[in-house]
Amino acid sequence: MRYYLLLLLLFVSVIINAQNTAIGTNEKLTFSASYNMSGLLTELAQVTMETSEVKTSTSTLLKLKCTAATYSKWDSFFKIRDLYESYVSPKTLTPYLYKRDISEGGYEKFMQYKFKHKTNSIESIKRKKRGDGSTWEEKKKFNISATTKDLVSTIYNIRNLDIHKATPGDNQVFKVVFDNEEFLINVKYLSKETINTSIGKKECYKLAISIKNSSVLKGNNDNLLWLTADANKIPVLAKFKIPVGNGELKIVSATGLKN
Amino acid sequence: MKKFLVILGFIAAILAVVLSVTPLSKIAYLPAVAALVFGSIATYLFKGKQDSKKSIQLIFLMTIIALVVTTYKSVYNTVEVGNTEELLEKENESEENAIEELEELEIDEADLE
């Protein structure tokens with residue numbers, strides 16, 4: 001029993017103090033999101049993932065920013081301008097502040113989480129636009145577990161996993177807070193694969209992502225993510241199953257990499 | 001049988017025309033091919049008969065228009081992001097607010113470099 005407890009403690013401490021080895025401070029990844037139906041690819045939006053340094057009076061944090069903007073041909077039909085931000089520790093990628101400001105075809109929503117790690121809680125602000133143009137706000141405080149992260153920092157934490165030590169079939173579970181609710185995201189390492197991308201032919205780790213107890217991103221290896229099998233672990237391709245056809249996210253360019 | 005094929009052909013051809021003018025124009029190839037197949041079968045099966053062929057000709061005409069529009073769009077339209085000024089403004093404003101919020105937060109020393 002004592003042995004198991006020690007192993008558990010060791011495992012927890014490895015997870016908590018996992019050092020950031022993959023993400024640099026001025027990294028910019030650009031993707032093209034498209035919809036694929038019977039091989040006919042329709043490009044929908046540009047997605048970017050950027051990192052930068054943010055200084056406060058007492059500390060320097062890493063800002064992880066993800067944006068999504070529809071291509072101009074879609075703007076008159078369904079305009080998307082989404083902004084997701086997470087301010088994390090540059091060393092351990094622990095989130096402190098998360099912001100989500102989305103505008104999708106007239107629907108506008110703002111979410112903010114302040115992570116209070118000492119009390120394992122979150123102070124959240126939700127702001128939504130009503131049909132008549134006015135806005136309403138809701139403030140909430142709720143408890144989370146010690147390892148819960150936001151969506152953006154979870155994506156970067158997946159990149160920071162020591163996949164080279166894993167064997168195919170290994171799983172890692174992440175606790176993610178989204179819309180004031182906690183979800184369990186399961187990341188399963190499937191295999192190594194070499195694929196052609198816009199940034200060259202890359203050997204990649206193929207991962208399957210699923211959310212437990214949710215109707216989106218269900219199991220059965222339908223939602224896949226390919227990370228380059230090098231120290232940067234750049235996400236180069238992602239495929240998501242949707243009721244008709246599937247969605248794809250392909251890398252267009254990658255600059256400012258750490259390694 | 002002929003009527004059925006013509007109706008299917010019409011539905012597919014109309015769908016192809018509608019899809020070809022939307023940004024989802026590439027998908028118009030699927031109903032366009034279906035319309036051509038239905039139209040061709042209808043023409044082939046009832047070659048010698050004296051029925052009016054105008055409806056089948058109309059199916060072909062619509063399909064050709066859809067295919068021309070779709071092909072033109074896929075060749076000449078480049079994908080580019082529209083106006084993102086709004087988003088950039090939002091980003092700058094958000095970072096300024098975030099720094100204020102972060103000043104109030106307790107950040108673990110061990111987490112910092």
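This is a predicted model: local features need pLDDT of at least 70, side-chain atom pairs count only at pLDDT 80 or more; totals for chains, interfaces and linings use all residues.
**Ground rules.** I number residues from 1 along each chain as its sequence is written, and chains are lettered from A in the order in which they are written. For local features I need pLDDT of at least 70, side-chain atom pairs count only at pLDDT 80 or more, and totals for chains, interfaces and linings use all residues.

Entry 1: Buried requires 20 or more other C-beta atoms within 10 Å of a residue's own, exposed is 12 or fewer, partly exposed is in between, and C-beta atoms are placed from the backbone. This core has 56 residues, and A:Val88 and A:Tyr96 are among those that touch the most other members. Strand β3 (residues 60-70) of chain A gives the largest share, 5 residues; strands (E, at least two residues) are DSSP runs, numbered from the N terminus. Apart from this core lies another, of 17 residues, including B:Leu19 and B:Met62.

Entry 2: I counted contacts (C-beta atoms, placed from the backbone, within 7 Å). Chain A brings 38 residues and chain B 30 residues. On the side of chain A, β2(A) gives the most, with 6 residues.

**Entry 3: A:Ser32.** Is A:Ser32 buried, partly exposed or exposed? A:Ser32 counts as partly exposed because it has 18 C-beta neighbours inside 10 Å. I found A:Ser32 in strand β1 (residues 28-37) of chain A. Leaving out residues up to four places away in sequence, A:Ser32 touches A:Glu43, A:Gln46, A:Lys250 and A:Val252.

Terms used
A nonpolar core is a set of buried Ala, Val, Leu, Ile, Met, Phe, Trp, Tyr and Cys residues joined through C-beta atoms within 7 Å. Helices (H or I, at least four residues) and strands (E, at least two) are DSSP runs, numbered from the N terminus. Two residues are in contact if their C-beta atoms, placed from the backbone, lie within 7 Å.
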